[in-house]
Amino acid sequence: FMRYVVIVRGRLKPATDAAAEAAHQALFDKLSSKARSLGNTGHLPLRGAQDPGEFVVIDVWESLDGLRAVMEDPSMADDLASVYAEPPDVSVWEDPGWASYL
């Protein structure tokens, strides 16, 4: 089966660790059930090791249609604005099925 990966990268909007975690948690709580029902199988939030203001989220999907349904939802820009200081860079990748491990 084909897997797709979405990488969302930008700067955190909230100024404190606690506020950033709360903003991420609120968005996670809002989206995770719907996303999982549409084929989202993994979610990994990462902060910059040298710049904790940098924030990357990696999501793994089994369905390109499900991924699009979530990412193209009109409310997504506002949802991301609760976590990111400015519109983040969003890219979609396709797993070629080559040798790998996680």
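Helices (H or I, at least four residues) and strands (E, at least two) are taken here as DSSP runs, numbered from the N terminus. On that basis the protein chain holds 3 helices and 4 strands, in the order β-α-β-β-α-α-β along the sequence. The model is a predicted one, in which local features need pLDDT of at least 70 and side-chain atom pairs count only at pLDDT 80 or more, while totals for chains, interfaces and linings use all residues. Residues are numbered from 1 along each chain as its sequence is written, and side-chain values use heavy atoms, with hydrogens and water left out.

Of the 102 residues, 31% are buried (under 20% relative accessible area, with a 1.4 Å probe and protein chains only). The C-alpha trace spans about 40 × 30 × 20 Å along its principal axes.

Helix H3 (residues 76-81) includes Asp-79, which is buried at a relative accessible area of 8%. Leaving aside neighbours within four places in sequence, Asp-79 is in contact with Leu-27, Lys-30 and Leu-31. The side chains of Asp-79 and Lys-30 are joined by a polar contact of 2.7 Å (a pair of N or O atoms within 3.5 Å; within protein, one must be able to donate a hydrogen and the other to accept it, and residues adjacent in sequence count only if both atoms are side-chain atoms).

Definitions and conventions: Buried means under 20% relative accessible area, exposed over 50%, partly exposed in between (1.4 Å probe, protein chains only). Contact means heavy atoms within 4.5 Å.
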